[in-house]
Amino acid sequence: MKNRNGLILIFLTLALGAATSFVAFNALMGRNFEFVLSGNTILGQIPIRIDALSAWMILIINFTFTTGVLYGTGYLRNYNTSANLKLHQFLFFVLHLSMILVCSIQNFIAFLIVWEIMTVSSFLLIIFEYWKKETIKAGLNFFIQSHIGVLFIIVSFIWVMSQTGLADFNAVRLFATHQPGAVAITLFVLLFIGFGFKAGFVPFHTWLPYAHPAAPSHISGMMSGVIIKLGIYGILRMLLLINSNYIVIGEIILFVSVFSGLYGVILAIVQHNLKRLLAYHSIENIGIIGIGIGIGTIGLGLKNDFLAVAGFAGGLLHILNHSLFKSLLFYGAGSIYQQTHTLEIEQLGGLIKRMPRTAVLFLIAAIAICGLPPLNGFISEYLIFSGLYSSLKSNSFAFSLFMLSVFVALAVIGGLAMLCFTKAFGIVFLGTERKQYHVEPKEVSRMMLFPQYMAAVMIISIGLFPQLFLQLLKNPVALFVPDILNSSNGIFSYQSGILTQIGFIGIILTVLVFVVYEIKTLTGRNKINSVSPTWGCGYKTNDPRLQYTASSFVKTYSNLIEPILSMHKDVAVVNEIFPGNKQYSTHYYDKLEFYLIDKNLKWLKKLLLKLNFLQNGRTQFYILYGLIFILLIIFISYGEYIWNTIKGFFKLF
Amino acid sequence: MVNLLLIFFIVTLFVCATAIRLKTFIKAIACQGLLLFGIFFLRLNEINTVNLVLLLLETLIFKAVVIPYFLHYLIKKNKINRESDPYISNFTSLFIITFIVMTTFYLANTLRGGVFGNIYFVVSMITIFTGLFLMISRKKIITHVMSFIIMENGVVVLSLTVGIEMPMLVNLGILLDIFVTVLVLGIFANKIGDIFKEAEVGHLERLRD
Amino acid sequence: MSFILIILSSLFFTGIINRTKSILSGRKGPGIFQPLRDIRRLLKKGSVYSETSSFIFKLAPAVYFSTVFAAALFIPFGENRGLISFQFDFVLFAYLLALGKFFNIIAALDTGSSFEGMGASREALYSMLAEPAFFITIGSLGLLTGYSSFYQIFSSIHYSESASPAIAYALGLLASIVFLFLGIIENSRVPVDDPKTHLELTMVHEVMILDNSGFDLGVIFYTGSLKFALYGGLIANLFFLSSPYAVINILIFFSLQVLYASTVGIVESFMARLRMNQNPQFILMISSVSLLIFIGVMIVIGKI
């Protein structure tokens, strides 16, 4: 019975995906799709436009949902609650549909409705394991923060609607062109904050590290892969419509993105929980996408086509890349959790012998996320680097210095990501297990492995043949930089040529590795190859506890970063001569979260406690409140009349 | 060529930030004296020759020879521990000083025009801020004094900004030099060693009423 | 062209370093080609693999070698381009080397020994700190010449054409010093790490390869020399003359490599190894000095 339900969902997802992908692919090639639903008088007309940008997002969404549903069916097989499962599957489909609609609808109110449906369904999907308290807390955190973001979006939409009277997205364009520059920038900032809550820019990110570990792994993978990209989609769409003051907007985006990128990766390194580490990494990658978009916008403002193309192409490609390797990483983490029932890095180890395929897939994703060639992460980072570098030769020293610092920041982000993922991959999969596993972990089922293979194939193919994917990006980038469609403008083919060379080098590299490995195997056939325990410098008892733990791996780093992070040490003081068992643990806490959220929450709670007397449970008081409210309304509506009477009364004197 | 010397001047500031042994600190200050000698020579070749020779001699002797010798003597005499303990770790202080360099260049560029765009002004600002920062972030009294010397080097570079038009300003800078040497090193540190046995800045609080 | 020269010079590079060090300590020292003989001996031996390690351990030396080999394809030779050259290729250069380091680090963690873990964590941190130095230096050189690929940058560094030739020369010198120290850091020589000892305090790179043996170890040693020769090739490019006779440039190349190797030997002999917790700020200092190079370039172009 269970298996059949899963199959129905898979079939539905594939069907929806295929149908929309067909339309989307056409739009990506330049044939836009437009369909106007005539709504009623409240909503106005509801245009459903799928242009190249929406098409790009829809294709990514479909791919990620396909892998997600395949993985999820396998992952959820171990759960027994069938009613919960059916609800989960229904919500999954609703989420898929709503996300596709979010990318297509261009009417304010309809957009908000679909956005809300998406938020609610993702919330309910996250709290799949509702019996755990932290899951519900995390889910509510996500829910509340999403709504704060929606509040900003609603305010901006209402503002535009009140000024222009239209409910179509194009109204934003009208609004921006008729208003002075500062107004347009304020509108953009409001929308940026609103969509930024969804995307996970710092300081609106605090829900991410809670929601991702709490959700089941296929949902985490999809959340990181596409749901937070909807925030980016919103920003990009608004950017298309507010086509003025690009430089200032670009600098704002760039500043926030650099900060997010650095902050995300700095905190990611010191996490103990594998999924939290990946969640902080998502924040960093959103920062990288933001950097791409930021420099693209600045390029538009400076009328520097190369910069604009490099920025937008890099950002858009990184959206695809990130959804691929992040979902792959989360699926891997899910497999680990399913087999070992723990996500604490410090307690894992040696999994590569037991789950070799998962390990290889995780390794491919880890190499990709660090931006190392020959995989796809490098391609998008390269595009962004080329844009940054070309903007170094500008006329203003301040601008060059700024670009140089962004350049250095991106390099540092890459280096820190490498530190983080060597730790994650190394400690989890390599070495020997640091704590005995209760159940011997085995390789996971084929159903769970197959979507991971799909994603890995995409990663490798983008890495080795990037020029094909760059061609696909031509139309979405053309939305921002219309000039490149002009056949005399050679930027795209130029970049294409470079990327071909990069792909070629990737192929050479892989071939070279195989050649050297084969030489070694061939020459080693006649020699003695023995196996023995790792050299322990003469220690007789080789204990797995002698291995480096994750915290010790990053200890040198955390010593340097200590001024920025706030660290809680649970130290056990050794007082006795023969001490018993002592525990020592360090936890790193997010300082921004502490200052922005926790302190304000405490203050708010104190304030609200004082008002506690209002809620005293006696019905008579509630009736009294109702009466006061009615009197207040009457008073206010007759306010003007009463006011004039009072004025007249005083005039008599 | 002068620009090159100024860049090496900033490199000595970096060395000061990461210096763990006090001897490295003193060597950096001596290097600064030599570099200033070179800068003076290359920049001020339009003023009165006698004045110029006096300035050059003074810079060379005081900054590069006398002050480091004095500092050495102090360290030996008061048996000060030869390491500098910082409040802020060396890594972070290097980072902060790099940040200071970048920000000062950026600010100077946005305030284009007149004296602000002059590179001597920028370098002097960097030196003064670095000296202030080092003063705040180090524990020992002797490093306190050495950061003051760095700051005062910065003031001398500042005087070079308009030194060609107003040679009197450069003379005033040199007088400040001599003032520092005589007062701070000759009297202050000699006597301080007699009163405070372990020369930590915190103990200066005892001077309060 | 440069590629062949780099391979040739890698054969004797480590030998010159060792010879210089021995001569400076008063001994005669091993021959210049001794490391080559060591590598040949290792390549013939069988290997011992640890029972905790997996296929990654066996794969890593191959990846390390291939990345450095592929990176060597980029180095130009004065006015001739490298075997591969395109715009912004130095980004690919840096990231290829990073790929090699990545595999080294996870191979070290693969053995499950605390020594390797220590070396791996330090190596990861130091390589992260050293990256900005490389990027800023190449970026500044690119700004100075107005081009953006290795070949174009190095073929158009004509020192006498810029506004103030003295400072351009000095910048070149400063850039080569930065590259010198970058090479020292990346190959883990004194003052960052001591390749001769296996004590805990000094281990960064040498300890990561503690468990490798036989063919793997030979490959790793050779790759180390190749990497050094790579950096030497970069430095040599800064000093080429634009002359029609290739022989002169070849001579300059080899003499610069020898000079580089002996400088490394001299630095190793006369500098004490830094305390391990002083290493991060030493590496950061290299990055800050490269920032000064950037500012110097800005002065030369006249932007300040």
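1. Lining of the largest cavity. By residue class, the lining of the largest cavity in this predicted model comprises 12 nonpolar, two polar and four charged residues.

2. Helices around the largest cavity. Which helices of chain C each supply at least two residues of this lining? They are H4 (89–110), H5 (114–145) and H7 (165–186). H5(C) gives the most, with seven residues.

3. Cavities in the whole structure. The search of the whole structure returns eight cavities of 30 Å³ or more. The second largest cavity holds about 60 Å³ of space. Its lining counts 13 residues, and nearest its centre lie Arg434(A) and Tyr548(A) from chain A, with Leu109(C), Gly112(C) and Ser113(C) from chain C.

4. Composition of the second largest cavity. Five nonpolar, six polar and two charged residues form the lining of the second largest cavity. At least two lining residues each are supplied by helix H16 (397–429) of chain A and by H4 and H5 of chain C.

5. The largest pocket. The volume of the largest pocket is about 1,700 Å³. A total of 42 residues line this pocket, with Leu262(A), Ser405(A), Ala409(A), Phe95(B) and Phe99(B) nearest its centre. Elements of chains A, B and C each give two or more residues to the lining: H10 (246–269), H16 and H22 (555–561) of chain A, H4 (90–110) of chain B, and H5 and H10 (279–301) of chain C.

6. How many residues of each class line the largest pocket? There are 35 nonpolar, six polar and one charged. H16(A) contributes the largest share of this lining, with 11 residues.

7. Chain A overall. Chain A contains 25 helices and five strands. It has 653 residues, of which 57% count as buried. Its accessible surface amounts to about 28,000 Å², and carbon and sulfur atoms account for 68% of that area. Of the contacts in chain A between residues at least 6 apart in sequence, 79% link residues at least 24 apart.

8. Domains of chain A. Two domains of chain A are given by the assignment: domain 1 covers 245–523 + 547–560, and domain 2 covers 595–651. Their C-alpha centres are separated by 53 Å.

9. Chain B overall. Seven helices and zero strands are found in chain B, and the pattern along the sequence reads α-α-α-α-α-α-α. Of its 209 residues, 52% count as buried. The accessible surface of chain B is about 9,900 Å², with 70% belonging to carbon and sulfur atoms. Where contacts in chain B join residues at least 6 apart in sequence, 77% are between residues at least 24 apart.

10. Ser146(A). This residue belongs to helix H5 of chain A, which spans residues 133–164. Is Ser146(A) buried or exposed? Ser146(A) counts as buried because its relative accessible area is 9%, and the cut-off for burial is under 20%. With neighbours within four places in sequence left aside, the contacts of Ser146(A) are Thr119(A) and Lys198(A).

11. Asp168(A). The loop between H5 and helix H6 (170–178) of chain A holds Asp168(A). Which residues does Asp168(A) contact, leaving aside its neighbours within four places in sequence? They are Pro47(A), Arg49(A), Gln106(A) and Phe108(A). Pro47(A) and Asp168(A) are 121 residues apart along the chain, and their C-alpha atoms are separated by 7.6 Å.

Key
Residues numbered from 1 in each chain as written. Chains lettered and ligands numbered in written order. Predicted model: local features only at pLDDT ≥ 70, side-chain atom pairs only at ≥ 80, totals over all residues. Heavy atoms only, no water. 1 Å grid on protein atoms, 1.4 Å probe; cavity = no way out; pocket = protein on both sides within 12 Å on 5 of 7 lines; lining within 4 Å. Points joined across faces, edges and corners; volume = space filled by probe spheres on them. Helix = DSSP H or I, 4+ residues; strand = E, 2+ residues; numbered from the N terminus. Nonpolar A, V, L, I, M, F, W, Y, C, P; charged D, E, K, R; others polar. Buried < 20%, exposed > 50% of the residue type's maximum accessible area, 1.4 Å probe, protein only. Contact = heavy atoms within 4.5 Å. Areas by Shrake-Rupley, 256 points an atom, 1.4 Å probe, with all protein chains shown as cover. Domains from an automatic or database assignment.
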